[in-house]
Amino acid sequence: MARIGVRIIPGGARNVIEGWSSDELRVRVMARPIEGAANGALLRLLAKALDVPPSHLAITRGVLHRSKVVEVAGLSDEQVRTRLSAIGIE
């Protein structure tokens, strides 16, 4: 199971994974942080980028904060980085 440190920026102009900043993945989502909308958008965006079902992702720390930890079932940390690199995210 992979763990990804994520820094989310809600209320952006578009949903985009910007890349790695130190050990955190910077992600912008259009959704606002109201009733979990931004968290849901984050998980859907990561699931699509990693080519896994959204049910394989879970926010395990930082649900109410901008810095989060997302666990990805079925992938290793190396596989996550490889899949993100394959779509141009460095």
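Residues are numbered from 1 along each chain as its sequence is written, and side-chain values use heavy atoms, with hydrogens and water left out. Because the model is predicted, local features need pLDDT of at least 70 and side-chain atom pairs count only at pLDDT 80 or more, while totals for chains, interfaces and linings use all residues.

**Sheet and helices**

Five strands make up an open sheet of mixed pairing, in the order 2-3-1-5-4. Strands (E, at least two residues) and helices (H or I, at least four) are DSSP runs numbered from the N terminus, and two strands pair if DSSP finds at least two bridges between them. Strand 2 (16-21) and strand 4 (57-61) stand at the edges with a single partner strand each, so one side of each has no neighbour in the sheet. From one strand to the next, the twist averages 35°. Strand 1 (residues 2-9) pairs with strand 5 in the antiparallel sense over six bridges.

Helix 1 (residues 37-50) packs on the sheet and touches strand 1, strand 2, strand 3 (24-28), strand 4 and strand 5; contact means heavy atoms within 4.5 Å. The direction of helix 1 makes about 130° with that of strand 4. Angles run from 0 to 180 degrees between N-to-C directions, and axes are lines fitted to C-alpha atoms, for helices over the stretch in contact.

**Salt bridges**

The structure holds three salt bridges, each defined as a side-chain nitrogen of Lys or Arg within 4 Å of a carboxyl oxygen of Asp or Glu.

| Pair | Closest N to O |
|---|---|
| Arg3 and Glu71 | 2.8 Å |
| Glu18 and Arg28 | 2.4 Å |

Arg3 lies in strand 1 and Glu71 in strand 5, so this pair ties together parts 68 residues apart in sequence. Arg3 is exposed at 56% relative accessible area, whereas Glu71 is buried at 15%; buried means under 20%, exposed over 50%, and partly exposed in between (1.4 Å probe, protein chains only). Glu18, Arg26 and Arg28 are linked in a network of salt bridges.

**Lys68**

Lys68 lies in strand 5 (residues 67-72). Lys68 is buried yet has no salt bridge, the nearest side chain of opposite charge being Glu24, 10 Å away. Here Lys and Arg count as positive and Asp and Glu as negative, with His and the chain ends not counted. The side chain of Lys68 reaches the backbone oxygen of His65 at 2.6 Å.

Key. A polar contact is a pair of N or O atoms within 3.5 Å; within protein, one must be able to donate a hydrogen and the other to accept it, and residues adjacent in sequence count only if both atoms are side-chain atoms.
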